[in-house]
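I opened the notebook for this chain today. My entries follow the order in which I looked things up.

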Amino acid sequence: MSKFIVTFDDALKISGTSANLAKMLDVTESAVSQWKEQGVLPELRAYQLAAKHPGKFSIPEQNSAA
């Protein structure tokens, strides 16, 4: 089942390693290391994961209030 990821720890659990996460996002391992220190995956990177790897990550549906 797909899961929306917002924390670094959740993304790391699914990707397996920091190196894998970096490869999935086409970024350096240094960038991933900075996110690890902050404990938060940047929101746009979460959407990038969902777009590139829909089998592992998904974007939650937004309920529009009218």
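What percentage of the 66 residues of the protein count as buried? I found 26%, with buried meaning under 20% relative accessible area, exposed over 50% and partly exposed in between (1.4 Å probe, protein chains only).

Ground rules. I am working on a predicted model, where local features need pLDDT of at least 70, side-chain atom pairs count only at pLDDT 80 or more, and totals for chains, interfaces and linings use all residues. Residues are numbered from 1 along each chain as its sequence is written, and side-chain values use heavy atoms, leaving out hydrogens and water.

Entry: overall make-up. I counted four helices and zero strands. Both are DSSP runs, numbered from the N terminus: helices are H or I with at least four residues, strands E with at least two. Along the sequence I read α-α-α-α. The accessible surface comes to about 4,600 Å², by the Shrake-Rupley method with a 1.4 Å probe. Carbon and sulfur atoms hold 52% of that surface. I also checked contacts (heavy atoms within 4.5 Å). Of those between residues at least 6 apart in sequence, 55% join residues at least 24 apart.

Entry: helix 1 against helix 2. I took residues 8–15 and residues 18–25. Their axes come within 8 Å and cross at roughly 95°. The axes are lines fitted to C-alpha atoms over the stretch in contact, and angles run from 0 to 180 degrees between N-to-C directions. Helix 1 and helix 2 are therefore roughly perpendicular; that label covers 65 to 115 degrees, with under 35 roughly parallel, over 145 roughly antiparallel and the rest oblique. Helix 1 makes the contact with F8, A11, L12 and S15, and helix 2 with S18, N20, L21 and M24. By class I noted five nonpolar, three polar and no charged residues. Nonpolar is Ala, Val, Leu, Ile, Met, Phe, Trp, Tyr, Cys and Pro; charged is Asp, Glu, Lys and Arg; the others, Gly among them, are polar.

Entry: the buried side of helix 1. F8, A11 and S15 are buried. Seen down the axis, the buried residues fall within an arc of 65°, so they line one face of helix 1. The arc is taken from the directions from the helix axis to the C-beta atoms. Their cover includes helix 2, helix 3 (29–38) and helix 4 (43–52). After helix 1 comes G16, with a positive phi near 100°.

Entry: A31. I located A31 in helix 3. A31 is buried, at 19% relative accessible area. From A31 to S18 I noted 13 residues in sequence and 9.8 Å in space, C-alpha to C-alpha.
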